[in-house]
Amino acid sequence: MTIRARWVISECGLQSLSGAGITTGWLRAWLHTAGADEVTLSLLETGDWQHENDDWQLFFATDSELESVRHSLPSTATQTSFELDNPLRRGNCFRHGGVISVLMPTGDIAFQRQIYLNLLNDNKPMRPLYVCADGTQGLPLETGLSATLEPTTSPALINHSGLLIEEQVIALLREHALSLRTVESCTGGLIAARLCRVPGASDVVDRGWVTYTNAAKQDMAGVPESLIRQHGAVSEQVVRAMAEGCAALGCVSVAVSGIAGPGGGSPGKPVGTVWIAVSMAGCDSVSRCLQLSGARHEIQAKTVVAALLLLTEAVET
């Protein structure tokens with residue numbers, strides 16, 4: 001039996017997703033993990049969803065918008081309620097003629113996703129979702145991440161449980177009793193911001209610096225001026241010094257420095273050149289050079305993913 005699922009999101013719902021940094025790619029993927037074979041997305045305002053033969057319908061909109069959806073459902077539908085927080089609010093699940101309709105008010109739907117996914121598949125085990133740090137797989141998730149439901153031997157494999165990478169990092173640091181410091185240049189604080197999306201991030205996130213200028217790298221991270229003058233701010237030597245200058249006992253530090261564009265590149269260091277480094281007390285620092293493409297925000301987004309991936313690799317080894 002083919003299970004057809006559909007997200008129905010209002011304009012306000014899309015704004016809520018955007019503010020939370022959650023893409024519709026992740027929403028689609030999570031429904032696949034719950035057992036959906038086909039997943040589509042509709043805008044609530046178009047009304048086209050009313051003419052589709054879906055098995056699962058998930059509505060994400062304001063309370064007033066959901067009230068109109070409720071009135072469009074058959075009067076014979078059976079209803080159960082469930083609670084979500086961040087903010088605290090009530091969702092409703094309707095079953096009618098073999099169709100399950102879940103109505104969720106705007107707010108966090110990422111970190112409590114098991115609640116509504118379990119309603120859809122009657123608490124059956126989730127299918128593995130193999131998430132990779134590239135765009136080669138069949139399920140695009142976000143800039144720099146894609147996934148597949150089939151096992152893959154990709155060396156960039158992040159996980160097989162469908163976790164957001166920030167969830168993985170928080171869990172990994174907590175498991176190893178490590179705290180985290182971020183030292184960011186080209187990403188301007190995006191690494192720290194992404195990690196702090198996760199409830200409970202305060203368990204591991206210690207502090208962060210945006211060292212955008214050379215002076216900031218010297219003052220905040222203790223990078224020698226001579227090192228910047230000799231190698232340039234976007235270099236392995238400088239990014240390692242940034243990470244090492246902010247690491248501490250029991251605390252891992254991740255640093256990034258790069259050229260996000262559209263200007264600032266050179267033949268030797270074109271736009272998209274990014275260096276990342278991770279440092280932990282008592283361990284050798286690790287670093288990686290990236291040659292990224294895309295618009296400024298895409299290069300920044302890919303850098304965040306790559307930095308968190310290098311961080312997980314460093315901690316796990």
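Predicted model: local features only at pLDDT ≥ 70, side-chain atom pairs only at ≥ 80, totals over all residues.
1. Sheet order. The model contains an open sheet of six strands. Read across, the strands follow the order β2-β1-β3-β6-β5-β4, and their pairing is mixed. The edges are formed by β2 (38-43) and β4 (78-84), each of which pairs on one side only. On average, neighbouring strands of this sheet are turned by 20° against each other, with direction ignored.

2. The β5-β6 pair. Within the sheet, β5, covering residues 89-96, pairs with β6, covering residues 99-105. The sense of this pairing is antiparallel, and five bridges make it up. Arg95 has Ile100 of β6 as its bridge partner.

3. Helix α1 on the sheet. Residues 11-20 form helix α1, which packs on the sheet. The strands touched by α1 are β1 (4-9), β2 and β3 (56-61). The direction of α1 makes about 90° with that of β1.

4. Helix α2 on the sheet. Helix α2, spanning residues 24-34, lies across β1, β2 and β3. Relative to β2, helix α2 runs at about 140°.

5. Geometry of the α2-α4 pair. Two packed helices are described by the angle between their axes and the distance between the axes. For α2 and α4, the axes come within 9 Å and cross at roughly 45°. The two helices are therefore oblique to each other, since an angle counts as roughly parallel under 35 degrees and as roughly perpendicular from 65 to 115. The crossing of α2 with α4 is right-handed.

6. Residues of the α2-α4 contact. On the α2 side, the contact is made by Trp30, Leu31, Thr33 and Ala34. On the α4 side, Arg113, Tyr116, Leu117, Leu120 and Asn121 take part. By class, the residues of this contact divide into six nonpolar, two polar and one charged.

7. Gly107. Is Gly107 buried or exposed? The relative accessible area of Gly107 is 19%, and the residue counts as buried because the limit is under 20%. Gly107 is located in the loop between β6 and α4 (113-121). Leaving aside residues up to four places away in sequence, Gly107 touches Ser16, Phe60, Asn86, Pro87 and Arg89.

8. Gly107 and Val239 are 132 residues apart in sequence. In space, the C-alpha atoms of Gly107 and Val239 are 37 Å apart.

Key
Residues numbered from 1 in each chain as written. Heavy atoms only, no water. Pairing = 2+ DSSP bridges. Helix = DSSP H or I, 4+ residues; strand = E, 2+ residues; numbered from the N terminus. Axes fitted to C-alpha atoms, helices over the stretch in contact; angles between N-to-C directions. Contact = heavy atoms within 4.5 Å. Buried < 20%, exposed > 50% of the residue type's maximum accessible area, 1.4 Å probe, protein only. Parallel < 35°, antiparallel > 145°, perpendicular 65-115°, else oblique. Left-handed = near helix turned anticlockwise from the far one by under 90°. Nonpolar A, V, L, I, M, F, W, Y, C, P; charged D, E, K, R; others polar.
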